[in-house]
Amino acid sequence: MKVLIIEDEHELQTAISAYLKSEGYVCEHAANIKEATEKINIYEYDCILIDIGLPDGNGLQLVEILKKELKNSGVIILTAKNSLEDKIFGLDVGADDYLTKPFNLSELNARIRSVLRRRKFEGKKEIEFNEISINPDTLQTCVQGKTVPLTKKEFDLLLFFLSNKKKVLTKESIAEHLWGDYIDSADNFDFIYVHISNLRKKLIDYGARDYLHTVYGVGYKFTDT
Amino acid sequence: MKLLNQTNLYFISVSLVIFCLGGILFYTLFEIIIDNDIAHKLHERKTYNLKQLQKSDSLLLYQQYSANMLYLRPTGRPETTTEILSDTTIYDDVLEERILYRQLSFVKMIHGKNYFIQIRRAAVEQKSLLEGVVLLEGLLFLAFVAVLTLVNNRVSRQIWKPFYAILDKIGKYKIDLAQSMSLRKSNIDEFNELAKAIETMTDKINREFNIQKEFAENASHEIQTPLAIVKNKLEILLQSPELSKDQMDLINSASVAANRLSKLNEALIILSKIENRQFHEMTKICLNDEMDQLYANLDELVRMKELRVEKNYTQRLEIKMNTHLLGILLENIITNSIKHNLTGGRITISITDQTLSVSNTGEPLKVPSQKLFQRFIKSNTKSPSLGLGLSISKAICDTYSFRIAYRESAGWHTVSINFNPAETEIVRPEESRK
């Protein structure tokens, strides 16, 4: 999977590519519109991350160019501007998703996977992890072929974990992924605990191994090692 | 008082004085002219009458013949050259009233005998002269005022037209629309100067406002990017193998603090955007539906805290405002009612024709309630919340002139919003007692 990161902030770009490389992506980057246009014209990318505020113009121009040339790349807009107009315009011109800085890398990763799933029709819809397989379209979870009755939140949680396998996910990033902005205080982290223990219990009950590990006071990790 | 009425009033009072003085002048002038005329006529009469009397055989017959115009009686006084001019009233048989006469009295020798003679002429009474003058002056004055006011109003309306046009434009000026004032040229220099001054002023204001706005936007961008770097680097650091528990804790607290900072920054930017009135689009939204939708999203949080929610909608309440802002407003109030609630507590939501009130059970407030809408005020200083939720809500309400209020009574905390406070100021004490 090839990802193009168009971001003028060097530190941010290295952080993003470090995380994505550890997830098995091939990352390239461009720091401005000129560089980005050249790369887009020469290579094919599965997903392109575009920062709106670039030194030589607005990143939304690139989205328009991409859509005009009917490139089959997924596009995610990254912006420091939490402005509704940019968001609506970005999605209108054909971006697949929108993330406001500062975002969690685990969240970015989950969004990229979701965009890629929606774009790649030829591939399998199911995501598999050892004996667990889930289908994001039908919201179905199976363990060794048996359907596990998960709630919507538990399913979202499992999908988020499977998108960020073997990564430490902080409670905050999980809360933000599941509830967006509604949760902004630590006393609500108990909710996550409840959801995670329910999910873990259901998976084990249906015969899956225990992949969910607590990481001290920080968060959780979904791993088979 | 309008400028026009003010000037009219000045004109009228000044002209009243002038007309009064003119009246007095007129009156004296008339009196002098009439007096002179009568004296002149009396002298003419005197010459004529004396000539006739010299010719006449019977003086008494002549007197009778002349009626009240001539009076004579024999006298022992010697003939004089002096004549006395005086006024008298004589009863008139025909008119049956006393009539004012002016008379010339003197002694004259006729046919060798001295006679006291009075020659008379009916005079105009002062009273009727005064009446005449006052009436004339009054009518003139009224006509003058009427014409003056009419002309003045007509002319003024025409002259002040550009002024009112400028006034109208200023009234409609909205800073957040960044419109430049283009005022029409008129043929009055003063108004053109005013228009120019206003144009320069608004241009300057617009420029300053844009600089401020850009600063707020840039500040957000500039702060969010380094924050994003901090957050992301910490996240990558967290993935390093073989971290000790202490190291993990350090990374975690740093990342929690970075998150908090970024939320704070976001909230402050929203607050400044609201205060700068940068949310323009308005839509008609049904509050009841929005409320139900929001509660559906937050259902989980409600169930986790085992809260009992009671909805009390007496009416469908429709409001015209920005959807995004209504979302923020309701979310702040509702998440507060959940966050600051007791486990197993209750929430009551009432919607009437113009108010929304959300009451929840909870710990007593530790800060004075009037301070609650200020920035960074938190009842529990240890709580991780930002203390900006209610000030954002207040800023939103202020934008639309809604009235937001907080009450605490008997363990219930109530936040109520009156969406139409101008029409009626209803205080419902029973709400706080629920």
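This is a predicted model: local features need pLDDT of at least 70, side-chain atom pairs count only at pLDDT 80 or more; totals for chains, interfaces and linings use all residues.
Q: Buried means under 20% relative accessible area, exposed over 50%, and partly exposed anything in between (1.4 Å probe, protein chains only); with that in hand, why is α8(B) called largely enclosed?
A: Eight of the eleven residues of α8(B) fall on the buried side, so the rest of the structure largely encloses this helix. The buried ones are B:L390, B:S391, B:I392, B:S393, B:A395, B:I396, B:C397 and B:T399. Their cover includes α5 (245-275), β7 (318-321), α7, β10 (403-409) and β11 (412-418) of chain B.

Q: Why is α7(B) called oblique to α8(B)?
A: Axes are lines fitted to C-alpha atoms, for helices over the stretch in contact, with angles from 0 to 180 degrees between N-to-C directions. The axes of α7(B) and α8(B) (residues 389-399) come within 9 Å and cross at roughly 140 degrees. That makes the pair oblique, because under 35 degrees is roughly parallel, over 145 roughly antiparallel, 65 to 115 roughly perpendicular, and the rest oblique.

Q: Which residues of α7(B) and α8(B) meet?
A: Contact means heavy atoms within 4.5 Å. B:L325, B:I328, B:L329, B:N332, B:I333 and B:N336 of α7(B) meet B:G389, B:L390, B:I392, B:S393, B:I396 and B:C397 of α8(B).

Q: What makes a set of residues a nonpolar core?
A: The members are buried Ala, Val, Leu, Ile, Met, Phe, Trp, Tyr and Cys residues joined through side-chain atoms within 4.5 Å. In the largest one, with 77 residues, A:I174 and B:L356 touch the most other members. Helix α7 (residues 323-339) of chain B gives the largest share, eight residues. Another core of 21 residues lies apart, including A:C27 and A:F103.

Q: How do you know whether A:I16 is buried or exposed?
A: Relative accessibility is 0% for A:I16, so this residue is buried. A:I16 sits in helix α1 (residues 10-22) of chain A. Beyond four places in sequence, the contacts of A:I16 include A:F103 and B:N232.

Q: How do you know whether B:N360 is buried or exposed?
A: The relative accessible area of B:N360 is 7%, so B:N360 is buried. B:N360 belongs to strand β9 (residues 355-361) of chain B.

Q: Why is B:H111 called partly exposed?
A: Its relative accessible area is 49%, so B:H111 lands in the middle class. B:H111 sits in the loop between β3 (97-110) and β4 (113-122) of chain B, and has a positive phi of about 50 degrees without being a glycine.

Q: What makes B:A410 count as exposed?
A: Relative accessibility is 75% for B:A410, so the label is exposed. B:A410 is in the loop between β10 and β11 of chain B.

Methods. Residues are numbered from 1 along each chain as its sequence is written. Chains are lettered from A and ligands numbered from 1 in the order in which they are written. Side-chain values use heavy atoms; hydrogens and water are left out. Helices (H or I, at least four residues) and strands (E, at least two) are DSSP runs, numbered from the N terminus.
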